[in-house]
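Biologist: Can you take me through this model? I would like to start with the strands and then go to side chains.

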Amino acid sequence: MSVRMQVLPVPGHGAEDVVLDDDGQVWTGVRDGWIVRVSPDGRQIERVLTTEGRPLGLEWLPDGRLLVCDALRGLLAIDVRTQDIEVLVQEVDGQPMKFTNNAAVAPDGTVWFTDSSRDWGIDEWMSDLIEHTCSGRLLRRDPDGTVATVLDGLAFANGVALVPGAVIVAELGLRRLHRVDLTTGAATLLVEDLPGYPDNISTGTDGLIWVALAAPPDPVLTHLQQHGAPHIRSLVRRLPDALKPDPKRTAHVQAYDVDGRRVHDLQADATDFHMITGVRENHGRLWLGSLEEPAIAVIDLGTVSAS
């Protein structure tokens, strides 16, 4: 279904994720490390603080601090009033994380989060997809600070969302969503063969799992994953950027219920805003972030019917 999208500029490129506070203000992080706050109408924009890294996924902790998945610095907890930054997780099993990406937070403070790749960082995200390292992880930080690996061997682990009784994680490289039972730890496929590469995901106030589809499937990348020998993938990775798989412009989000049934399939004109990597539904409005754009965007769902 085609929908209209309002674009709201922010001071900085790559407003990758979005999260709302209790006052309806929208928070995002941009490429130069700054956390930005935007009023609900988009008219008031404030650079609040810098992580001195690269903020990606954002969530609120039960104690009121802002949880930041910083691709360069790890999992951070920030008091936005005092600007005090606590590093919660920087390494796992004695090894520094290379690509902290997205998270979801339980009411007791348990944090479920992803490290997208053991081999490549954010500046080389395409290299991980080309080489198909399958080295991404879903991790859990318990309230006492203990960190455990929940799901390993993921092809570019990305978005995380909590639903009753389970945590959902997006596997961008293979275009699918996994469901991990919170009681048994058993992992099953919730959705596969998505019509695009899933980035951040979130549970909306409507109870649906919203999925940002950053780009449509790339046939060259799919062929490399399925048929390319390791030395061929390595060769392609070393090619000039102009010869590598290139994400096509799109503005696409979907929503699924907890059983994996599609409820919404929304697309907008990608001329002025594309590569949606963050999505957050809040009482009938859909807030969007982008890894590439110097802006966030919003869609009014009031006129959008189930599709």
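Modeller: What follows covers a sheet, the cysteines and the aromatic pairs. This is a predicted model, in which local features need pLDDT of at least 70 and side-chain atom pairs count only at pLDDT 80 or more, while totals for chains, interfaces and linings use all residues. Residues are numbered from 1 along each chain as its sequence is written, and side-chain values use heavy atoms, with hydrogens and water left out.

Biologist: Which strands form the open sheet, and in what order?

Modeller: Four strands, in the order β6-β7-β8-β9, with antiparallel pairing. Strands here are DSSP runs of E with at least two residues, numbered from the N terminus, and two of them pair if DSSP finds at least two bridges between them.

Biologist: Which strands stand at the edges?

Modeller: β6 (55-60) and β9 (85-89). Each has a single partner strand, so one side of each has no neighbour in the sheet. The twist averages 30° from one strand to the next, with axes taken as lines fitted to C-alpha atoms and angles running from 0 to 180 degrees between N-to-C directions.

Biologist: How many bridges join β7 to β8?

Modeller: Five, between residues 66-70 of β7 and residues 74-78 of β8. Leu66 stands opposite Ile78 in β8.

Biologist: Cys69 and Cys134: buried or partly exposed?

Modeller: Cys69 is buried at 0% relative accessibility, and Cys134 is partly exposed at 26%. Buried means under 20% relative accessible area, exposed over 50%, and partly exposed in between, using a 1.4 Å probe and protein chains only.

Biologist: And how many aromatic pairs?

Modeller: Two. Rings of Phe, Tyr and Trp (its six-membered ring) pair if their centres lie within 6.5 Å; planes under 30 degrees apart count as stacked, over 60 as edge-to-face and the rest as tilted. Trp27 is in β3 (residues 26-29) and Trp60 in β6, 33 residues apart. Trp27 is buried at 2%, whereas Trp60 is partly exposed at 24%.

Biologist: What about Phe99 and Phe156?

Modeller: Their ring centres are 5.3 Å apart and the planes are at 85°, so that pair is edge-to-face. Phe99 lies in the loop between β11 (95-96) and β12 (100-105), and Phe156 in the loop between β15 (147-154) and β16 (157-163), 57 residues apart. Phe99 is buried at 3%, and Phe156 is buried at 4%.
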